[in-house]
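User: Can you walk me through this one? I'd like the main features, quickly.

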Amino acid sequence: MSIAIEPLRTILRLEQSKGYNDVVVMGGLDRFLRRWAAQAEEGLGQPGLLRRFRELGLASPSYSTLSLEERRRWVDRLLEWLGAVEAEANKADMASKAIAVKPRHRPRPDHKTPPVPGAPSLDSSITTLPGISSALAARFGKLGVETIRHLLYFFPRRHLDYGQITPISGLRVGEEQTVVATVWEARPVLLGQRQGTEAIVGDETGNIRAVWFNQPYLAKRFVTNARVVLSGRVSLFKGRRVMESPEWEFLESGELLHTGRLVPVYPLTEGLRHRQVRRLMKTVVDGWAGRLVDFLPTPLRERRQFLELPQAVAQAHYPDSLELKDRARQRLAFDELFLVQLGVLSKKRQWQQGQPGKPFTIDRSLLDRFIAQLPFTLTAAQQRALGEIMGDLERPLPMSRLLQGEVGSGKTVVAAAALLQAVANDYQGALMAPTEILAEQHFGTLCQLFSQGGGRHMAGDNLAMFFSLLPRPVTVALLIGSLSPAQKQDLHWRIASGDIDIVVGTHALIQREVEFAMLGLAVVDEQHRFGVLQRSALRQKGFNPHVLVMTATPIPRTLALTLYGDLDLSVLDELPPGRHRVLTRYIQPEDRGKAYAFLRRQVQKGQQAFIICPLIEESEAIETKAAVAEYERLSRGVFPDLRLGLLHGRLSMAEKEAVMHRFRGGELDILVSTPVVEVGIDVPRATVMLVEGADRFGLSQLHQFRGRVGRGQERSYCLLVAETPSEEARQRLAFMQEIYDGFALAEKDLEMRGPGEFFGTRQSGLPDLRMARLSDVPLLELAREEALRLFEEDPTLELPQHRLLAQELTRLWGEGGEWS
């Protein structure tokens, strides 16, 4: 039996989508059916199918004379008959194969065919698939795709809705639309200075010109009278409508991939083309999605009415409808959030229950004395956070808390109060910062806070003793990489012997040579700058110490719950009184000279300024080259009489530290920098932040730049320059001028850009989120609720019904890896 089923089925579905108005085929459906039936009748060998063929009247159809309801019923019957024809053909095909093979025994009904040795699996390299060469695999590798499973989870960025067929006379300029047409003429032409193809196509309502740039070879493929489906944007050229480089397919080519449906748009890299990737992905999804094992427990899936995993993955790529596309996204996004929650909850359980903690006895009088001697009053938010932290320190479980607060919100004073309680309980405290200059800054701040009651003694640049806080001296040390070997050795011995109460440092604190006598509290500043393994290494320096993580990056609560699900959350959501807002303005490029003049006036008053060069995504090398060129231009042409410094990502850590020391010490007037300006750097005399290419940055990063100024008493300013901002970029710049609350800006940023771009780079130690939108709060809360529910029932996932889920967690997070 050899019948062209798919072209007729495609046309019938298009007819359904068009409301049964008989405009899909030039000349009407009856004409097409007569041609099709003449060929099909010869291939029908089964008497029952042939009889039904004649009952449907396919050889002499009268579709055009039917009412809309009669057309609907007739098309449904015809599609049902086509399904029966296809089933009969498949049965005959299987029978012929069975005869050819002649198996020696009949397998039991429950028998599973063992895997063929050497056959590819979901975790095999994509090079095991037909048609994927090593060169093509290398291109996919740039997108993080290496295995067949990676391909299945290589989801489209979006879908183009080409499912609605529009008659040519009804095409609207400026919109993406789909037409089914006949090719009247196609020829190679010169389009501007480039070779291309021009085709005139038409339906019963009119004709339209379509052009393809740089593809003259298409002219030979578009033969006269060929039936094509074109999908793309309609534009005007010399007053006439034209489709420029539309996606195209021949109507008789079988299932539509590029037109006439929800068409996937995949991420690409150099050497990959849309049509090529779509064809490959359709083959992979059809052949492999069904082999995915659904790890979600059946009761959970049925309770929440989620699609099964193979169907969800298939519909995420080539959805049959908008509804199924949304249901697929919901299932797959839930999976991601659910697995993240299970991972971080598991780590929290291991951390808190694996070993006993060190409950502190909170010395209330010490806390009151420390607060009373401060030269400022704590905000209500600081008092609330202190209460939450003190409550954690009293418990037998080790504290695991995230302290969020904007620049200047007073996180360090809260951490200082907690570190004092560790010392009062005869434990040591550690404060780790990502850079030496930030560690020095913290050391200086702690010394300032602890010396308010007098009794301070400095034993060198990196060691201080305080006599007024406790009955015994409190010793604070700074341990950084730039100390001399003798100084480091001396500090290592003092820390190991317990002579040092509080150590402030960088990554040096987690090196093997550093041993603590009794580490009770570890404070980690700027968490997103550290990998989770570094955080874990600091924990291991003590016998389950309490851990307080501090970040100045405003993270929306929904995002914090996902990324830091293992940490309890404290938020400093108010600034101390007396802090001035940093006045923010968007500057047109033609007003850049006025901005430079304003900056010069500020420097003449004794202030300092930052100039941030644009973000260049191609590479750090290009970004650095641009920054060097800008520095040269400003130094020679704009500010030849001022002292300028340059900071960029290709400087060594020591070189960066040296530049920042000079700027902080007042030896430089202006710091020209790529977007590597150290988070948290305190330069009180810096009052102007000028950001070039401001439209290339997200709201959260712009707010971080703004936070580098306004640390002193003088009024501070943030000037945002953008050359040709998009509509979305203009909206971001407007938000910067209107909103000064970092958490409100972070919510806006998350809404506009999504979680991946929100952080700029992938959050270290966490799985990628491909489908989840963290602005989808209900789904996030549902995932957390279900994770907690499962955790109460089976925290170690040892029950048989959770075996597949445990395997998926291990595969996702990595055997023995850090889960939080």
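**Helix H5 and onwards**

Analyst: Start with helix H5 (residues 134–141), whose buried residues are Leu 136, Ala 137 and Phe 140. Buried means under 20% relative accessible area, exposed over 50%, partly exposed in between (1.4 Å probe, protein chains only). Helices (H or I, at least four residues) and strands (E, at least two) are DSSP runs, numbered from the N terminus.

User: How do the buried residues of H5 fall, seen down the axis?

Analyst: They lie within an arc of 100 degrees, so they line one face of the helix. The arc is taken from the directions from the helix axis to the C-beta atoms.

User: And what covers the buried residues of H5?

Analyst: The cover includes helix H6 (148–152) and helix H8 (274–288).

User: Before I go on, what sort of model is this?

Analyst: It is a predicted model: local features need pLDDT of at least 70, side-chain atom pairs count only at pLDDT 80 or more, and totals for chains, interfaces and linings use all residues. Residues are numbered from 1 along each chain as its sequence is written, and side-chain values use heavy atoms, with hydrogens and water left out.

User: Fine. How many helices and strands in the protein chain?

Analyst: There are 26 helices and 23 strands. Of the 820 residues, 53% count as buried.

User: Sheets next. What is the strand order in the open sheet of 6 strands?

Analyst: The order is S18-S23-S22-S19-S21-S20, with parallel pairing. Two strands pair if DSSP finds at least two bridges between them.

User: Which strands stand at the edges?

Analyst: Strand S18 (583–587) and strand S20 (644–647) do. Each has a single partner strand, so one side of each is left without a neighbour in the sheet. The twist averages 15 degrees from one strand to the next.

User: How many bridges join S18 and S23?

Analyst: S18 and strand S23 (residues 717–721) pair in the parallel sense over 5 bridges. Tyr 586 stands opposite Leu 720 in S23.

User: Which strands does helix H19 touch?

Analyst: Helix H19 (residues 592–604) packs on the sheet and touches S18, strand S19 (608–612), strand S21 (670–673), strand S22 (686–691) and S23. The direction of H19 makes about 160 degrees with that of S22. Axes are lines fitted to C-alpha atoms, for helices over the stretch in contact, and angles run from 0 to 180 degrees between N-to-C directions. H22 packs on the sheet as well, touching S18, S19, S22 and S23 at about 150 degrees to S22.

User: His 703 is in H22. Buried or exposed?

Analyst: His 703 is buried, with a relative accessible area of 9%. Beyond its neighbours within four places in sequence, His 703 is in contact (heavy atoms within 4.5 Å) with Glu 406, Pro 554, Met 736, Tyr 740, Gly 742 and Leu 745.

User: Switching to S15. How many of its residues are buried?

Analyst: 7 of the 7 residues in strand S15 (residues 519–525) are buried. S15 pairs in the parallel sense with strand S10 (residues 428–432) over 5 bridges, and with strand S16 (residues 546–551) over 5 bridges. Ala 522 stands opposite Val 547 in S16.

User: Last topic: which residues touch the most other members of the largest nonpolar core?

Analyst: Phe 370, Phe 450 and Leu 479, out of 66 residues. Helix H14 (residues 411–424) gives the most to this core, with 10 residues. A nonpolar core is a set of buried Ala, Val, Leu, Ile, Met, Phe, Trp, Tyr and Cys residues joined through side-chain atoms within 4.5 Å.
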